Amino acid sequence: MSIVPSAKSTGALYWPVQARRNIGVRSLFLVVLAFLIAYGVLFPGLFAASGFAKFTQSWFPLALVAMAQAILMLTGGISLAIGATVSLGAVIAATTMAGPFGVAGGAAAVALTGLGIGAATGFIVVKLRLPAIVVTLAGSFIIGGAALLILPRPGGAIPAWLSDLLAGDTPAAFVLLVVIVLLWKLYLATPLGLSLYAAGENPVGAYRSGVPVDAARVAAYAISGLLSTGAGLFVAAQTGSGDPVIGTAFTLNSIAAAVLGGIGFLGGQGTMRGALAGSLLLSLMISVMFFLGFTPVAQYVAQGLIIIGAVAIPQFRKV
Amino acid sequence: MTAWNDSAGGKRASAILKSRPFLTLAIVAAVWIVASFVSRGFGAYGHLRYLVELGAVIGLVAAGQTFVVIAGGIDLSVAAIVTVSAISLPLLSWQADPTGLVSILAVLVLTTIIGVINGLGVALLRVHPMIMTLAMATFLQGLLIIIAGGSAVTAENPLVHWLGNARPAGIPAGIILWIATSAVVLTVMHATPFGARIFAMGANPLAASLSGVPMTSTTLAVYGISGFTAGLAGVLVLGMNGQGYVGIGDPYLLASIAAVVLGGTSILGGLGTYAGTIPGAILLVTITALITVVNASPGWRSILFGSLILGLLLLSGREQARR
Amino acid sequence: MTTVAPLLAARGVSKAFFGNPVLRGVSIALQPGRVHALLGENGAGKSTLINLLSGALRPDGGEIEVDGRAVPRMTPALARQAGIAVVQQELSLTASLSIAENVGLGAYPKRFGLIDYKELAARAKAACALVGLNEPLSTPVGHLALGRRQMVEIAKALYRKPRVLILDEPTSSLSSTETKILTDLLERLRGEGIAILYISHRLNEVMALCQHVTVLKDGTCTADRSLVGTDATGLVRLMVGRDPGDLFPKWQPFVSTTTAISVRKFSAGLMRDVDLDIRAGEVLGIGGLVGQGQEDLLLGLYGAIPGRTASAVVNGISGLPGGVPKANALGLAYVPADRKREGLHLIHPILTNMMLPAFARLPALKLRSRKTERETGKSLAAQLAIKGDLQRPAQALSGGNQQKVALAKWMPHDPLVLLLNDPTRGVDVETKREIYLMLRTFAAAGKAVVLLSSDTSELVHLCDRVAVVREGRITATLERAALSEEAIVSAAMGAEKQKVAA
């Protein structure tokens, strides 16, 4: 992290560029703010330490998978294996962390698995030129199967101190999220990171300009895998054990959050801050509707309508 | 050089593509033969019949999915529609409907309308198919809880019961339903102008629209068909199960897409056939059964599934590089 | 002329696509301190030659030389290392990135592995200053107008401090001020010893800026000479390179009887308040510079884009079609310019492509007759001399034959009005001749043909009347007697209000 200050001190261009990127998500930020206020009014505990901790913990895994999906969609890809990868991360964490290599060894295993799976998927999609949607669909079977092999039924254990640290009465989730966002900023400030946009929006032009298009895309898949297994580790810490199917819902929610956050399907459209806001919005929506006493039915109905609306309304504005 | 390679590659790809239904069928046959030697009960007529009957549900869901995928879209709401059908049918019964036919028709109209709404979102609101159908699935989950309240519902419908259990001439009614549906689907897909429009739309929507293909109505029809066949699958699965519950349709989303892809239909649209999806569906249930027979764990079953799809994709990879 | 080794050269290069030769034994040498013009009609092979020079494509035969040494496997990376920068017609920009991030794309200055934004800002600013881009460097490129984006593209090339600069129609979307900035800049760069290859359809620019010219004609080099002592007419002759008379069918006067399409105050896309009458039995040409709204005129009449009109009569029915299927029903047919993207289904069999309009209008669930389809396809293929198995995918055909399929598919429906968007772009001479003959025959049968073309000689020699479009309006309608390339070009440029011959 020591190099972050130098990234920030790069003078008169970096910050205006960042400020410009905010314009596109301004209205989204306002909506999120409105939901945050509503949430704060309904549940004043949000501003207490424990309420804040609980809230960020419920948001954290969704934020990670939204980022995992967004980075792929920015390169023009998509993954239907996010949920399975989350599950795999969770079972690996739950089976290794109590073992001889301890928490550090377990975390390393989780991270390496995520990077490896992502890189392999990326290689198949990018180098063998197969459609991402089918590759990741097949991948979801393989990854989910691996999770079932490791832990056929919920079990394993996460050391209690880690669960307490990550999912207890601490702001650890929030701090981690801040760190991850800073790391992302750092990545986006590298030539490879910024190439994501060019590789997603105009791959031919980017290639002609000397952008390592394939490398940027494979790297995106690897990072996406890492974020997904990381989310799995966190979920395992929340529940204190591993469950081989715990991640299933994250596939669809990651797409929904990314799209709510303004990420387009065609590549190169949207920003990570938008995707994060989208995941926060989704997380808030569920919580706020819960406190307003919406029945689960109404929650689902509202969620479906909001997602369609969020995608359709910009279409009309364009016409 | 390039030109020569490309045209030869195009020919080879189309040759592979043409044989894909047969290739899939051959794999099914080979697997059946080998498995019946390895495991005594596997090759029994009754067992194979049971497999095809299980395949019928996937095959019906995948019929609509094949239409949608060929037209260049994807339907992620089929699982929810299957569940809607299986849950709402027991609740829709009238005294004046002793055979149960009217309630079945009512349910099919309902699921077709759901599909048409998907089509409206895709064609008129221009929402990406994945998002539109995903949102529809979320929406339907809510609807299902209203309808069923979370508990299983039992079908009292005689026709549904017959579909799930009767064996006229020794053939399960579900298989007969599947054969009849397949005949209609294959005819519509390959022997009518409507079918040709769908292929054109999936291969190049802009060129199709400039050639006069009515895009909106065709899109509505395609998603409507998907809703209809998913509804039909829901009726069948209800008959076979006796009960409908929330989540009954869940396995059929991935299965339907896998069957379509295994059958050689391009996920990018414009190329494919339901004739490949049929053996694709049987292959899926066969592998499931085989892994059960050799006592493979669910994990291995899933891994084998995925690897198989990936392996077949790699076989036909060249065709996918066209966009 | 010069004894210095050329910075970049092609020696006898050939290239074919799908067995269809695009370049045959073409040579070109780019000398330092010279602006070299590359001229040729659409489809003459200019873009292919650029792609060979910049390593985007590899030649089938011949060699690419850098500094007099042959480079056996030229790649875009090698070309960049050799200091070759290309400003393509299709922009290579990323809309969501800022001007500076686009200008530096692929060659960012780095510090500790991160993009050095301070350095990037300084260098991008210098490059942008050269082309007069004074927008804030943080502006996303997506917010810029097309002309400004073109300037970003040029700045991007300059950012790399090239020794060879290739510009493919850089001025087609530039305003006159921007064009002036660019030409001044190129003069200066030439003075610094940079070799420049300049492609443009604007002959006055070429005359003012360039010292040497290479002319391509149907994939071969027809001239490679100094521009000294040549005038614009001479250039045109070099490009056309033949007696145009034998390419076009003999024109015969016709007497127009009925009006096929008549619109008043018609607006669609870029077109604003256009009055137009299309007569049955004529070939009406639509001319003008690229992108003035001509395409929108055709698409609007065809119902493919929404249009407004004060009054419209189409084949006796009043009102615009308002949708492609309706337009087809009224007897309109449209042949798009970009046959790969808009005209054909490349992965589908030729036969299926030919039958698509029929499929679009037949009752949806009526059973198809494969036999009738085969027979229709066979007779169409015979009529248009399309050889080979009709079950092959359309992508196996050459450009000319693809265009014939795109035309053929409408023939069974006997359209009353044929709207053609640049049907001979990238088509070989022989097919051009066949297409011209077909269009005249079609008109002679009492149908209306509307021919949008970027090929001026085509407009002059084939059409009965030519409407010239500039900035979304028809600025002149030239009758046959008044037709000449000069008249069309000057009306297109808006040099003077054309005196319309009645």
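The model is predicted.

## Chain A

Chain A has 15 helices and 0 strands. Its radius of gyration is 19 Å, close to the 20 Å that the globule rule gives for 319 residues, so chain A is as compact as a globular protein of that length. Along its principal axes, the C-alpha trace of chain A spans about 50 × 45 × 40 Å.

How much of chain A is buried? Of its 319 residues, 55% count as buried. Take the contacts in chain A between residues at least 6 apart: 78% of them join residues at least 24 apart.

## Where chain B meets chain A

This contact takes 39 residues from chain B and 36 residues from chain A. On the chain B side, four helices each supply at least two residues: α5 (129-148), α11 (251-262), α13 (298-315) and α14 (317-320). Helix α13(B) gives the most, with 13 residues. Sorted by class, the side of chain B that touches chain A has 25 nonpolar, 12 polar and 2 charged residues.

## Where chain C meets chain A

Here the contact takes 33 residues from chain C and 27 residues from chain A. Which elements of chain C give two or more residues to this side? They are α2 (76-81), α3 (99-103), β8 (114-115) and α4 (117-130). The largest share, 4 residues, comes from α4(C). By class, the side of chain C that touches chain A has 20 nonpolar, 8 polar and 5 charged residues.

## The domains of chain C

Chain C is divided into three parts: domain 1 (8-243), domain 2 (246-331 + 415-493) and domain 3 (351-413). The C-alpha centres of domain 1 of chain C and domain 2 of chain C lie 33 Å apart.

## A mixed sheet in chain C

In chain C, 6 strands form an open sheet. Their order is β6-β9-β10-β3-β11-β12, and the pairing is mixed. Which strands stand at the edges? They are β6 (84-87) and β12 (220-226) of chain C. Each has a single partner strand, so one side of each is left without a neighbour in the sheet. From one strand to the next, the twist averages 15 degrees.

Strands of a sheet pair through backbone hydrogen bonds, either parallel or antiparallel. Strands β6(C) and β9(C) pair in the parallel sense over 4 bridges. There, C:Val87 stands opposite C:Leu167 in β9(C). Strand β11 (residues 212-217) of chain C and β12(C) pair in the antiparallel sense over 6 bridges. The bridge partner of C:Leu216 is C:Cys221 in β12(C).

## The two faces of β6

In a regular strand the side chains alternate between the two faces of the sheet. Look at β6(C) for a case. C:Ile84 and C:Val86 point one way, and C:Ala85 and C:Val87 point the other way. Are these residues buried or exposed? All four are buried.

## A helix across the sheet

Technical notes: Residues are numbered from 1 along each chain as its sequence is written. Chains are lettered from A and ligands numbered from 1 in the order in which they are written. This is a predicted model: local features need pLDDT of at least 70, side-chain atom pairs count only at pLDDT 80 or more; totals for chains, interfaces and linings use all residues. Two residues are in contact if their C-beta atoms, placed from the backbone, lie within 7 Å. Ala, Val, Leu, Ile, Met, Phe, Trp, Tyr, Cys and Pro count as nonpolar, Asp, Glu, Lys and Arg as charged, and the others, Gly among them, as polar. Two strands pair if DSSP finds at least two bridges between them. Axes are lines fitted to C-alpha atoms, for helices over the stretch in contact, and angles run from 0 to 180 degrees between N-to-C directions. The radius of gyration is taken over C-alpha atoms; the globule rule is 2.2 Å times the number of residues to the power 0.38. A residue is buried if 20 or more other C-beta atoms lie within 10 Å of its own, exposed if 12 or fewer, and partly exposed in between; C-beta atoms are placed from the backbone. Domain bounds come from an automatic or database domain assignment.
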